[in-house]
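My notes follow in the order in which I looked.

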Amino acid sequence: MSRPRMQKFICEEPEFKEFIATGAKSTYDTNLTIEEYEVIRLIDMEKMSQEECAVQMKVSRPTIQILYSSARRKIASFIVEGSRLVIGGGEYMFCTDTDSNCMYRNKMNKCHKEERERE
Ligand SMILES: [Zn+2]
């Protein structure tokens with residue numbers, strides 16, 4: 001019996017989903033999943049610890065470590081080798097439910113998404 005893969009909770013989909021290196025000659029795509037993007041956003045942009053990130057996305061800390069290292073490896077490959085970076089796919093849900101672990105929702109009573117939409 002296979003265990004269902006755990007859903008990761010994210011605040012919103014990325015605004016920018018495709019990046020092309022200027023002068024790139026290779027044609028392969030580097031694909032960053034939505035969950036990997038969210039881990040980079042939370043840890044590197046929002047300065048969350050891996051523990052906080054795990055709570056936020058409702059997954060275990062080891063899962064965050066795996067996502068974080070694979071995301072960084074892909075981003076490194078993109079900036080070193082060029083070609084195209086595409087963000088998309090993965091298994092995730094939006095943290096808009098009332099029992100969400102979302103820190104934005106808990107601390108500010110609103111989600112990242114709502115925050116940006118109001119700007
Ligand atoms: Zn949220």
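Before reading off the order of elements, I note that helices are DSSP runs of H or I with at least four residues and strands are runs of E with at least two, numbered from the N terminus. The model I am working from is a predicted one.

Overall layout. With those runs assigned, I counted 5 helices and 5 strands, and along the sequence they follow the pattern β-β-β-α-α-α-β-β-α-α. I looked up burial for the chain and found that 24% of its 119 residues count as buried. For contacts with a separation of 6 or more, I noted that 76% join residues 24 or more positions apart.

Helix 2 and helix 3. I next turned to the pair formed by helix 2, residues 50-57, and helix 3, residues 61-81, whose axes lie 9 Å apart at an angle of about 105°. Since angles from 65 to 115 degrees count as roughly perpendicular, the two helices are therefore roughly perpendicular to each other. On the helix 2 side I listed Q50, E51, C53 and A54, which meet R61, I64, Q65 and Y68 of helix 3. Sorted by class, this contact has 4 nonpolar, 2 polar and 2 charged residues. Just after helix 2, I found K58 with a positive phi of about 60°.

The buried side of helix 2. Which residues of helix 2 are buried? I found C53, A54, Q56 and M57, and because they cover an arc of only 165° around the axis, they lie on the same side of helix 2. Their packing partners are strand 1 (8-10), helix 1 (34-45), helix 3 and helix 4 (103-108). For M57 I looked up the contacts beyond four places in sequence, and they are K8, F9, I10 and E38.

The core. I then examined the largest nonpolar core, which has 20 residues, and in which V39, C53, M57 and I64 have the most contacts. Two or more residues come to this core from each of strand 1, helix 1, helix 2, helix 3 and strand 4 (84-87).

M103. Last, I checked a residue of helix 4, M103. Beyond its neighbours within four places in sequence, M103 is in contact with E52 and Q56. I noted that M103 and Q56 are 47 residues apart in sequence, yet their C-alpha atoms are 6.2 Å apart in space.

How values were computed. Residues are numbered from 1 along each chain as its sequence is written. This is a predicted model: local features need pLDDT of at least 70, side-chain atom pairs count only at pLDDT 80 or more; totals for chains, interfaces and linings use all residues. Axes are lines fitted to C-alpha atoms, for helices over the stretch in contact, and angles run from 0 to 180 degrees between N-to-C directions. Angles under 35 degrees count as roughly parallel, over 145 as roughly antiparallel, 65 to 115 as roughly perpendicular and the rest as oblique. Two residues are in contact if their C-beta atoms, placed from the backbone, lie within 7 Å. Ala, Val, Leu, Ile, Met, Phe, Trp, Tyr, Cys and Pro count as nonpolar, Asp, Glu, Lys and Arg as charged, and the others, Gly among them, as polar. A residue is buried if 20 or more other C-beta atoms lie within 10 Å of its own, exposed if 12 or fewer, and partly exposed in between; C-beta atoms are placed from the backbone. The arc is that of the directions from the helix axis to the C-beta atoms. A nonpolar core is a set of buried Ala, Val, Leu, Ile, Met, Phe, Trp, Tyr and Cys residues joined through C-beta atoms within 7 Å.
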